[in-house]
Amino acid sequence: MIQVAIFVSPYTLCSSLSQACDAFSLANRLGGQRRFTLHRFSVDGRPVILDYAQIQVDGDLASAEHADLIVLPASGSDIDALLSQQPSLLAWLARRPPSQQLASLCSGAFLLAAAGLLDGGPATTHWALADSFRQRFPKVQLNEHALLSQQQNRFCSGGAQAGLDLCLHLIGWHAGPWLAQRVADTLVVERHRGLQSRFQPLLPDTLQTDAGISALLVWLQQHHAQALNLEQLAARLHCSSRSLLRRFKAATGLTPIDYLQRLRITAAQDALHQPQPTLEQIALAVGYQDRATFARLFKQLCGETPGAFRRRLLAVTGIKAQ
């Protein structure tokens with residue numbers, strides 16, 4: 001029997017904790033026999049108060065010393081507080097033997113990395129935390145596009161629901177892929193969902209420090225289908241093309257043309273939720289005269305063709321594209 005020890009701290013997200021507990025408990029129920037024992041632990045063995053729950057635990061750090069698998073649920077996005085308030089946990093993690101499996105869900109990867117357990121190997125975490133992770137842990141080979149990563153007995157998952165993908169992977173690892181599939185089917189989730197980058201917004205967050213650029217972005221939302229060039233956009237701000245490039249890059253991290261392409265593809269994603277328009281009609285509606293160019297840019301930014309994107313979405317509803 002595999003002992004799964006799940007860590008709980010005041011920073012633990014209830015959703016991530018319950019996700020892990022539910023997946024392994026369901027595996028026990030569906031597997032015909034008890035394959036996993038679940039053990040919740042905190043630093044000191046005391047109950048942990050979360051935002052809207054008090055979590056009872058089974059022991060302290062020492063109680064999880066010999067667990068087969070240690071799971072670190074997501075801990076939110078306040079990384080400074082998470083790391084500064086967990087010195088005992090980090091020291092304990094750093095002493096874990098290579099044979100003991102450690103798995104992080106979402107931002108839990110910061111704990112593994114801070115303990116030096118991911119250096120030199122692959123890892124993943126929520127795509128929105130990628131820049132912060134890279135700055136803190138340059139020795140780790142972060143791939144924020146991946147849903148899962150594995151470096152020998154060190155496992156990481158991407159953001160939010162990717163934690164369930166990792167739990168399913170670990171169930172399959174220990175009890176067989178058939179049981180992982182049964183758990184996935186019962187939870188009505190798809191296994192092997194591809195890359196986390198499918199869920200990353202194409203348009204970046206924008207600094208609101210340049211009123212002119214902010215106004216231009218609003219204008220682009222309404223006119224992105226028009227044939228536009230750099231000179232025309234600069235004229236709207238009454239500045240040179242060079243000045244526009246500098247200001248636009250500072251506010252968005254992209255050039256105006258790159259931003260325009262992403263804006264058009266985002267509009268196309270919205271249109272592809274509907275079965276009626278043809279791909280040619282959608283391409284024209286968002287600003288592309290050539291379907292091939294549209295399809296190439298769409299796949300480059302989204303990781304799949306427009307047709308595959310639409311089929312995947314409409315398969316959920318049972319609607320067929322015309």
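1. Basis. The structure is a predicted model, in which local features need pLDDT of at least 70, side-chain atom pairs count only at pLDDT 80 or more, and totals for chains, interfaces and linings use all residues. Residues are numbered from 1 along each chain as its sequence is written, and side-chain values use heavy atoms, with hydrogens and water left out.

2. The chain overall. The secondary structure comes to 14 helices and 10 strands. Helices (H or I, at least four residues) and strands (E, at least two) are DSSP runs, numbered from the N terminus. The C-alpha trace spans about 65 × 45 × 35 Å along its principal axes. Of the 322 residues, 49% are buried; buried means under 20% relative accessible area, exposed over 50%, and partly exposed in between (1.4 Å probe, protein chains only). Among contacts with a separation of 6 or more, 63% are between residues 24 or more positions apart. A contact means heavy atoms within 4.5 Å.

3. The sheet. Six strands form an open sheet in the order β2-β1-β5-β6-β10-β9, with mixed pairing. The edge strands are β2 and β9 (148-151); each has a single partner strand, so one side of each is left without a neighbour in the sheet. On average, neighbouring strands of this sheet are turned by 20 degrees against each other, direction ignored. Two strands pair if DSSP finds at least two bridges between them. Inside the sheet, β5 and β6 (residues 101-104) pair in the parallel sense over four bridges. The bridge partner of I70 in β6 is L102.

4. Helix α1. What span should the 17 residues of helix α1 have at 1.5 Å a residue? The expected span (1.5 Å times one less than the number of residues) is 24 Å for residues 14-30, and the end C-alpha atoms are 24 Å apart, which agrees. The helix is mostly covered, with 12 of its 17 residues buried, including C14, L17, F24 and L30. The buried residues of α1 pack against strands β1 (2-7), β2 (36-41), β4 (54-55) and β5 (69-72), and against helices α6 (162-175) and α7 (177-187). Just after α1, G32 takes a positive phi of about 85 degrees.

5. Helix α7. Its buried residues include L179, A180, V183 and A184. An α-helix has 3.6 residues a turn, so residues three or four places apart point the same way. The buried residues of α7 pack against α1 and α6. V188, which follows α7, has a positive phi near 60 degrees.

6. Helix α6. It packs with α7 at an angle of about 145 degrees, the axes being 6 Å apart. Axes are lines fitted to C-alpha atoms, for helices over the stretch in contact, and angles run from 0 to 180 degrees between N-to-C directions. Among the residues making this contact are L164, L168 and I171 of α6 and W178, V183 and L187 of α7. Helix α6 also lies across β1, β2, β5, β6, β9 and β10 (154-157), running at about 145 degrees to β10.

7. Helix α11. Its 16 residues (256-271) should span 22 Å at 1.5 Å a residue, and the end C-alpha atoms are 23 Å apart, which agrees. Among its buried residues are P256, Y259, R264 and Q269.
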